[in-house]
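Please read it alongside the sequence and the structure.

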Amino acid sequence: MIKGIKELNADQQTHFRTLITQRLAALDAEDTLGEAGQATVELDQQAVGRLSRQDALQNQAMAKATHTRRQMERQKLKAALARMDEGEFGYCEDCGDKIAAGRLELDPGVTRCVDCAKG
């Protein structure tokens, strides 16, 4: 049987909900800052040399990869909020044991305990 967030006290519920909300806001801010890096690279050889264009293309690819990582993190955090609403937050999806509070502090989107994650 999977236990739920109802076993966490009100302070813990508020803490993790706030932590997740803050991380989602930080991801939104990072997306805003990263938009310029994803812009189309100008290929005007008079404006920049071949190596500069290659650097710009590489920077663009890294910016897009970072954006994808942020999107995946955002999905994990939104899923954690949904688990809170369903009463399943803080418990391993594999074995049903509690996930250590320290683990949740580092990554509130985590869904497995340390033992199951190793396995």
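1. A term is needed before the details: a residue counts as buried when its relative accessible area is under 20%, as exposed when that area is over 50%, and as partly exposed in between. The model discussed here is a predicted one, and Asp94, with a relative accessible area of 46%, is partly exposed on this scale.

2. How many salt bridges does the structure hold? There are seven, and another of them joins Arg69 to Glu30, where the closest N and O atoms are 3.7 Å apart. Arg69 belongs to helix 2 and Glu30 to helix 1 (residues 10-34), so this pair ties together parts that are 39 residues apart in sequence. Arg69 has a relative accessible area of 45% and is partly exposed, and Glu30, at 34% relative accessibility, also counts as partly exposed.

3. Helix 2 contributes to a further link through Lys76, which forms a salt bridge with Asp107, the closest N and O atoms being 2.7 Å apart. Asp107 is in the loop between helix 3 (101-106) and helix 4 (114-118), 31 residues from Lys76, and the pair thus links distant parts of the chain. Lys76 is partly exposed, with a relative accessible area of 32%, while Asp107 counts as partly exposed at 21% relative accessibility.

4. Besides these pairs, a network of salt bridges should be noted, in which Asp28, Asp31, Arg70 and Arg74 are linked.

5. Arg83 deserves a separate look. Its place is in helix 2 (residues 50-86), and Arg83 is buried yet has no salt bridge. Which side chain of opposite charge is nearest to Arg83, and how far away is it? That side chain is Glu93, at 6.2 Å, whereas a salt bridge requires the nitrogen and the carboxyl oxygen to be within 4 Å. Once neighbours within four places in sequence are left aside, the residues in contact with Arg83 are Glu88, Phe89, Pro108, Gly109, Val110 and Thr111.

Conventions: Residues numbered from 1 in each chain as written. Predicted model: local features only at pLDDT ≥ 70, side-chain atom pairs only at ≥ 80, totals over all residues. Heavy atoms only, no water. Helix = DSSP H or I, 4+ residues; strand = E, 2+ residues; numbered from the N terminus. Buried < 20%, exposed > 50% of the residue type's maximum accessible area, 1.4 Å probe, protein only. Lys, Arg positive; Asp, Glu negative; His and termini not counted. Contact = heavy atoms within 4.5 Å.
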